[in-house]
Amino acid sequence: MKKMTRLKMTGLSIKAIIIMAVMAHPGCGPVELDDIRQETDTEEDSGGNGEVPVVPKDRFITGVEYPEGYDWISDIGTDAEGAVLFLMKGDERIVELPVGHDSCVSADADMHRCLDGHLYTDFSTDRETVIKMDGIELLRYTGREMITGIMVRSDGIYTLGQPRSGTGWAFRKDGAIIISRNSGTLLHGLFTDEDSVCFSYQDKVETPYGTREVYCLVKDGTQLSIPAEMDVTGIDDAISVNGTFCYIAQLKGVRGRFLVNGSVRTPLEMPGDATDISGCRFITGDSGIFLTGTLKGIPGKGPRDAVWHGTGLLAGTPANGRIERCVIDGGKCYYIGRMQSETGTSFLYMNGKDMATPSRYRLIYPQCMGVYADDWCIALSDWASSECPVLWTEEGMTDYGFNGLFTSVTYW
């Protein structure tokens, strides 16, 4: 397979690099990393017939190749000597980076991602966090952080990170802290609403009446308390939609969950064979509000995951099935899941159609599913062929003959 020499560049400011990236991709807007979001760019049809044309996008795939003979299966995500992190555009490798401490590049799938056709990496040294784009260093700041979100905008690079030891989080712009906390748990990662950079979190505070949970939305660095009513005993997830608080609430003495949008709250649809709902998360889609959650089954049936469009139940997995990744594209729902059993068999839901993953293939990372305009691609490993990396599309399975694996699939 064609390989590319590692990119090298020095003396560029962060803004200069961003400008270069924007020039290389005209028409791109804010780019954000959210585990279950894929953006769809559309524009009005000039013919005035009401149709929305599909804007072409390219498929990008990240992966790690190890030296021949190295057993990466038993040591997955390890920064082995000689390993290479790569980015493919279509079937061509356009970026290759050596993995290791000296290059500040990790093979860990949580420490690299493709954004707007570029390979972004983060790495923790003994004292610092280093962020690169296509091998070019963009940021380096004191503190060892696990990056949970990166957003690249024309005004800078925003990151949301958690300390690798201890608790809390830090929201930064170009490496400088905008707001941080030494405690608390992140609810929803970086997203945009009305061009503001947002995320949400929960924490505990001590009051004269005991410990109380608090839920907050951070918008452009300003912390806003979510105005929950007194009967709200917990919030699973929280975002902002057109400037309005939107969250998934558990109410005192009531089964299930409620979608609260401003002052309106509506129960999520719950089938008759379910006893409760838990663990709900918003999916930032392009056609309204979507969310996932777990339906607790009646005795003997086991829990199963589901997807809601607004508060209406859209799709669900078999009993003991868990959704690994869900993508909303063009108002259509796609997800890949795994059975919570010894075999860990994977299954697919593709816009109303249930599909089974061939038993010899396994999904390693949830990020290995991408969808755009009905074009879908899933990166798997073939355990029957020494974990050979495979791409599965509508055209079928394609084997790639290198010692390693794919780590994500996206469209830009």
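Two strands are said to pair when DSSP finds at least two bridges between them. The legends below use this term for close-up views of a predicted model.

**View 1. Strand β23 and strand β24 pair in the antiparallel sense.** Strand β24 covers residues 312-316, and its pairing with β23 runs over 4 bridges. Within this pairing, Trp-308 stands opposite Leu-313, a residue of β24. The two strands form a hairpin with 2 residues between them, and Gly-310, which lies in the turn, has a positive phi of about 65°.

**View 2. Strand β22 and strand β23 also form a hairpin.** Here β22, which comprises residues 289-297, pairs with β23 in the antiparallel sense over 6 bridges. Leu-295 stands opposite Arg-304, which belongs to β23. In this hairpin there are 6 residues between the strands, and Gly-300 in the turn has a positive phi of about 95°.

**View 3. Arg-304 is a buried residue of strand β23.** Its relative accessible area is 13%, and because buried means under 20%, Arg-304 counts as buried. The side chain of Arg-304 is joined to the side chain of Asp-273 by a polar contact of 2.8 Å. Leaving aside residues up to four places away in sequence, Arg-304 touches a set of residues that includes Pro-271, Asp-273, Gly-293, Thr-294 and Leu-295. Among the other residues that Arg-304 touches are Thr-317, Pro-318, Ala-319, Asn-320 and Gly-321.

**View 4. An open sheet of 4 strands has the order β4-β3-β2-β34.** The pairing in this sheet is antiparallel. Which strands stand at the edges? They are β4, with residues 92-98, and β34, with residues 404-411; each has a single partner strand, so one side of each is left without a neighbour in the sheet. From one strand to the next, the twist averages 20°.

Technical notes
Residues numbered from 1 in each chain as written. Predicted model: local features only at pLDDT ≥ 70, side-chain atom pairs only at ≥ 80, totals over all residues. Heavy atoms only, no water. Axes fitted to C-alpha atoms, helices over the stretch in contact; angles between N-to-C directions. Buried < 20%, exposed > 50% of the residue type's maximum accessible area, 1.4 Å probe, protein only. Polar contact = N/O pair within 3.5 Å; in protein donor to acceptor, adjacent residues only side chain to side chain. Contact = heavy atoms within 4.5 Å.
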